Amino acid sequence: MIASVFEPVSMKLRRVSGCENGTCPAVYVSDRQTAVVQGGHVPTADGLTLGEGETAVELPPDIVLGAVTAFAESGSVETVQRLREALKCS
């Protein structure tokens with residue numbers, strides 16, 4: 001992860017998936033071309049190791065799929081291919 005992602009700076013967000021009232025799970029795209037997620041806090045879970053400054057959130061599958069669709073529709077051919085590869089089941 002790039003260190004600058006964790007620096008406290010103002011950024012602009014555009015919601016690409018999830019509810020519109022701001023108080024439920026959602027995915028946003030930042031003006032820095034990063035994803036920001038909003039969901040239920042997961043303090044601990046088997047297999048989860050959080051680094052300093054990190055937190056985990058839980059999102060319903062439909063919110064994740066909506067975000068992937070939005071990224072694929074607005075991204076380059078390379079981005080779409082990388083998303084497809086990342087989503088392949090092993």
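The sheet and its covering helix

Modeller: Helix 1, residues 61-74, lies across strand 1, strand 2 and strand 3, and runs at about 125° to strand 1. Helices here are DSSP runs of H or I with at least four residues, strands are runs of E with at least two, and both are numbered from the N terminus. Axes are lines fitted to C-alpha atoms (for helices, over the stretch in contact), and angles run from 0 to 180 degrees between N-to-C directions. The model is a predicted one, in which local features need pLDDT of at least 70 and side-chain atom pairs count only at pLDDT 80 or more, while totals for chains, interfaces and linings use all residues. Residues are numbered from 1 along each chain as its sequence is written, and side-chain values use heavy atoms, with hydrogens and water left out.

The three strands make an open, antiparallel sheet in the order 1-2-3; two strands pair if DSSP finds at least two bridges between them. Strand 1 (13-18) and strand 3 (35-38) are the edge strands, each pairing on one side only. From one strand to the next, the twist averages 25°.

Strand 2, residues 26-30, is joined to strand 1 by five bridges in the antiparallel sense. Along this pairing, glycine 18 faces alanine 26 and serine 17 stands opposite valine 27. Strand 2 also pairs with strand 3, again antiparallel, over four bridges. Here alanine 26 has glutamine 38 as its bridge partner, and tyrosine 28 stands opposite valine 36. The hairpin of strand 2 and strand 3 has four residues between the strands, and in it glutamine 33 takes a positive phi near 65°.

Strand 2 is largely enclosed by the rest of the structure, because five of its five residues are buried. Buried means under 20% relative accessible area, exposed means over 50%, and partly exposed is in between (1.4 Å probe, protein chains only). Ala26, Tyr28 and Ser30 point one way from the strand, and Val27 and Val29 point the other way.

Two serines deserve attention. Serine 17, placed in strand 1, has 7% relative accessibility and therefore counts as buried. A polar atom of its side chain lies 2.7 Å from the backbone oxygen of isoleucine 63; a polar contact is a pair of N or O atoms within 3.5 Å, where, within protein, one must be able to donate a hydrogen and the other to accept it, and residues adjacent in sequence count only if both atoms are side-chain atoms. Beyond its neighbours within four places in sequence, serine 17 is in contact with Ala26, Val27, Asp62, Ile63, Gly66 and Ala67, contact meaning heavy atoms within 4.5 Å.

Serine 30, in strand 2, is buried, with a relative accessible area of 3%. Its side chain has a polar atom 3.0 Å from the backbone nitrogen of arginine 32, and a polar contact of 2.6 Å joins it to the side chain of threonine 34. Residues up to four places away in sequence aside, serine 30 touches Met11, Lys12 and Leu13.

Finally, the disulfide. A search of the whole structure finds one, formed by cysteine 19 and cysteine 24, with sulfur atoms 1.5 Å apart; the criterion is a pair of cysteine sulfur atoms within 2.5 Å. A disulfide is a covalent bond between the sulfur atoms of two cysteines. Cysteine 19 is partly exposed at 22% relative accessible area, and cysteine 24 likewise counts as partly exposed, at 23%. Cysteine 24 lies in the loop between strand 1 and strand 2. Not counting residues up to four places away in sequence, cysteine 24 touches Cys19 and Gln38. The C-alpha atoms of cysteine 24 and glycine 39 are separated by 6.4 Å, although these residues are 15 residues apart along the chain.
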